[in-house]
Amino acid sequence: MATSVFYNNFQASQEQELLNNLIIESIRIYGNDCWYIPRKLNNYDEVYGADDQSSYEQAILMEMYIENYDGFKGDGNFMSKFGIEIRDQVTFAFSMRVFDDEVGVLTTQPRPNEGDLIFFPLNKKCFQIR
């Protein structure tokens, strides 16, 4: 069976832009304002692949949509002999065009990196991107 001649997915940039605009608008309607805090690598060790002296110097306000609205996922609170460890997880969704416009201009990074922070002001918690 041949593909339909009425739908051309490769030259439909206007429809793709419309869908992107609808996604951005829905995130602005149903989402929350969160602070995206990029990590700055100060002393990156290429052998170990880690930076033990990272710093967080700027915070950027961005709208994000919370995908798990019924509570945080994860293991919850974990009590060990070293103290309490909070293992809450949350899934945030945001538009990559908004990320490029808000964060990419200031930090020149094309996507969120591991180790960056997201501060959720509704419950005053800070989450690390993994």
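Predicted model: local features only at pLDDT ≥ 70, side-chain atom pairs only at ≥ 80, totals over all residues.
Good morning. Let's start with the overall layout.

The secondary structure comes to two helices and nine strands. Along the sequence, the order runs α-β-β-β-β-β-β-β-α-β-β. So much for the order; now the burial. The protein has 130 residues, and 26% of them count as buried.

Now the salt bridges. How many are there by the rule used here? The count comes to three. I'll take them one at a time.

Start with Arg-97 and Glu-17. Their side chains meet in a salt bridge, at 2.4 Å from N to O. Arg-97 sits in helix α2, residues 96–107, and Glu-17 sits in helix α1, so this pair ties together parts that are 80 residues apart in sequence. How open are the two partners? Arg-97 is partly exposed, at 29% relative accessibility. Glu-17 is partly exposed too, at 33%.

Stay with Arg-97 for a moment. Look across to Asn-20. That residue is also part of helix α1. The C-alpha atoms of Asn-20 and Arg-97 are 8.4 Å apart, while 77 residues separate the two along the chain. Asn-20 has 23% relative accessibility. Why does that make Asn-20 partly exposed? Because buried means under 20% and exposed means over 50%, and partly exposed is what falls in between. Asn-20, at 23%, falls in that middle range.

Next pair: Glu-63 and Arg-28. Their side chains form a salt bridge at 3.0 Å, N to O. Glu-63 is in strand β4, residues 60–66, and Arg-28 is in helix α1, so here a strand and a helix are tied together, 35 residues apart in sequence. Arg-28 is exposed, at 54%.

The remaining pair is Glu-57 and Lys-40. Their closest N and O atoms are 3.6 Å apart. This pair links distant parts of the chain, and both ends are in loops. Glu-57 is in the loop between β3 (50–51) and β4. Lys-40 is in the loop between β1 (32–37) and β2 (44–45). Glu-57 is exposed, at 57% relative accessibility. Lys-40 is partly exposed, at 41%.

On to the largest pocket. How much space lies in it? About 520 Å³. Which elements give two or more residues to its lining? They are β6 (83–89) and β9 (125–128). The lining takes in 16 residues. Nearest the centre of the pocket lie Asp-88, Gln-89, Phe-127, Gln-128 and Arg-130. By type, the lining divides into nine nonpolar, three polar and four charged residues.

Now the surface. There is a nonpolar patch of about 350 Å². Which residues make it? Ile-29, Tyr-30 and Tyr-65. Take Tyr-30 from that group. Tyr-30 belongs to helix α1, residues 13–30. Tyr-30 is exposed, with a relative accessible area of 62%. Patch members need over 30% relative accessible area, so Tyr-30, at 62%, passes that cut-off.

Last topic: backbone angles. Look at Thr-108. Its phi is near 55°, a positive value in a residue other than glycine. Thr-108 is in the loop between α2 and β8 (117–120). Thr-108 is exposed, at 69% relative accessible area.

Then look at Lys-124. Its phi is near 55° as well, again positive in a residue other than glycine. Lys-124 is in the loop between β8 and β9. Lys-124 is exposed, with a relative accessible area of 68%.

To recap. The protein has two helices and nine strands. Three salt bridges are counted, including Arg-97 with Glu-17. The largest pocket holds about 520 Å³. And Tyr-30 is part of a nonpolar surface patch.

How values were computed: Residues numbered from 1 in each chain as written. Heavy atoms only, no water. Patch = residues over 30% accessible without salt bridge, like charges linked within 9 Å, V, L, I, M, F, W, Y side chains within 5 Å. Areas by Shrake-Rupley, 256 points an atom, 1.4 Å probe, with all protein chains shown as cover. Salt bridge = Lys/Arg side-chain N within 4 Å of Asp/Glu carboxyl O. Helix = DSSP H or I, 4+ residues; strand = E, 2+ residues; numbered from the N terminus. Buried < 20%, exposed > 50% of the residue type's maximum accessible area, 1.4 Å probe, protein only. 1 Å grid on protein atoms, 1.4 Å probe; cavity = no way out; pocket = protein on both sides within 12 Å on 5 of 7 lines; lining within 4 Å. Points joined across faces, edges and corners; volume = space filled by probe spheres on them. Nonpolar A, V, L, I, M, F, W, Y, C, P; charged D, E, K, R; others polar.
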